[in-house]
Amino acid sequence: MGRRKLAHYQFSAEASNVIEAGKPLYTEIKGKWNNLYFKNENPLVVELACGKGEYSIGLGKVFPEKNFIGMDIKGDRIARGSLVASESKLLNVAFLRAGIQYAREFFDENELSEIWLIHPDPQVRDRDENKRLTNPLFLKMYSEFLKKGGQFCLKTDSSFLYDYSLETIKASGLFKIVEHTEDLYDSHLIADHHDVKTHYEQIFTSKGYSIKYIKAVAL
């Protein structure tokens with residue numbers, strides 16, 4: 001994607017699939033994604049720390065009967081995903097520019113059917129545990145948003161984050177881990193991913209890294 005085209009898009013009215021500060025729905029959308037944005041009652045799926053939204057876009061193509069929301073704080077990344085979704089005419093894909101720590105301002109209890117967390121920063125230093133997106137406080141928040149039985153899925157190349165997440169999810173008492181694997185590409189669980197890979201995942205796998213995966217459901 002050319003820089004000039006992207007820069008134009010970031011500041012044009014085309015980016016109607018991005019909800020961010022200063023736009024009308026930003027302060028009104030909580031609990032109303034189906035009514036105010038998607039205009040249907042289809043299940044809501046959120047991709048946290050979505051980057052360029054490769055997963056939201058990929059799954060949005062596979063599942064037109066679901067609504068996908070990619071959430072990230074980085075505007076330049078979201079702009080790229082927004083443009084791809086717009087050019088692909090994916091009316092079931094939207095983006096939210098906001099920090100995940102503020103997610104309660106945008107999602108209501110029992111509003112979501114699925115949450116995907118794809119290759120987040122593992123934050124390996126002890127002092128950064130509060131930034132890990134599978135720490136107990138974040139897990140509690142996710143459990144509030146998910147309907148009973150709703151899925152929380154983590155995909156990571158980090159053995160550290162995989163082991164940590166297994167421990168925190170089990171200890172939370174908020175989720176039941178239904179399946180997990182240390183090598184997604186050598187597991188039947190690869191079917192869950194519908195051949196959707198992020199740019200970084202392609203780099204990881206080309207270098208021989210195994211991809212770890214956890215699927216849990218909200219209790």
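Reader: How many helices and strands does the secondary structure of the chain come to?

Author: Welcome! Keep in mind as we go that this is a predicted model. The secondary structure of the chain comes to seven helices and eight strands.

Reader: What is the radius of gyration of the chain, and what does the globule rule give for 219 residues?

Author: For 219 residues the globule rule gives 17 Å, and the chain comes close to that, so it is as compact as a globular protein of that length. Its C-alpha trace spans about 45 × 40 × 35 Å along the principal axes. The radius of gyration itself is 17 Å, against the rule's 17 Å.

Reader: How far apart are the end C-alpha atoms of helix α6?

Author: Helix α6 covers residues 159–172, which makes 14 residues. At 1.5 Å a residue, the helix should span 20 Å. The model agrees, because the end C-alpha atoms are 20 Å apart.

Reader: Which residue caps the N-terminal end of α6?

Author: At the other end, α6 is followed by G173, whose phi is positive, near 70°. For the N-terminal end, look at the backbone nitrogen of F160: a side-chain oxygen lies 3.3 Å from it. That oxygen belongs to the capping residue, S158.

Reader: Which elements do the buried residues of α6 pack against?

Author: The buried residues of α6 include L161, Y164 and I169. An α-helix has 3.6 residues a turn, so residues three or four places apart point the same way. The buried residues of α6 pack against α5, β6, β7 and β8.

Reader: Is C50 buried or exposed?

Author: You will find C50 in the loop between β2 and α3. Beyond its neighbours within four places in sequence, C50 is in contact with G70, M71, D72, I78 and F95. I78 is 28 residues away in sequence, yet the two C-alpha atoms are 7.9 Å apart. With a relative accessible area of 5%, C50 is buried.

Reader: How many disulfides does a search of the whole structure find?

Author: A disulfide needs two cysteine sulfur atoms within 2.5 Å. For C50, the nearest cysteine sulfur is that of C153, 16 Å away. C153 also counts as buried, at 0% relative accessibility. The search of the whole structure finds zero disulfides.

Definitions and conventions:
Residues are numbered from 1 along each chain as its sequence is written. This is a predicted model: local features need pLDDT of at least 70, side-chain atom pairs count only at pLDDT 80 or more; totals for chains, interfaces and linings use all residues. Side-chain values use heavy atoms; hydrogens and water are left out. Helices (H or I, at least four residues) and strands (E, at least two) are DSSP runs, numbered from the N terminus. The expected span of a helix is 1.5 Å times one less than its number of residues. Buried means under 20% relative accessible area, exposed over 50%, partly exposed in between (1.4 Å probe, protein chains only). Contact means heavy atoms within 4.5 Å. A polar contact is a pair of N or O atoms within 3.5 Å; within protein, one must be able to donate a hydrogen and the other to accept it, and residues adjacent in sequence count only if both atoms are side-chain atoms. The radius of gyration is taken over C-alpha atoms; the globule rule is 2.2 Å times the number of residues to the power 0.38.
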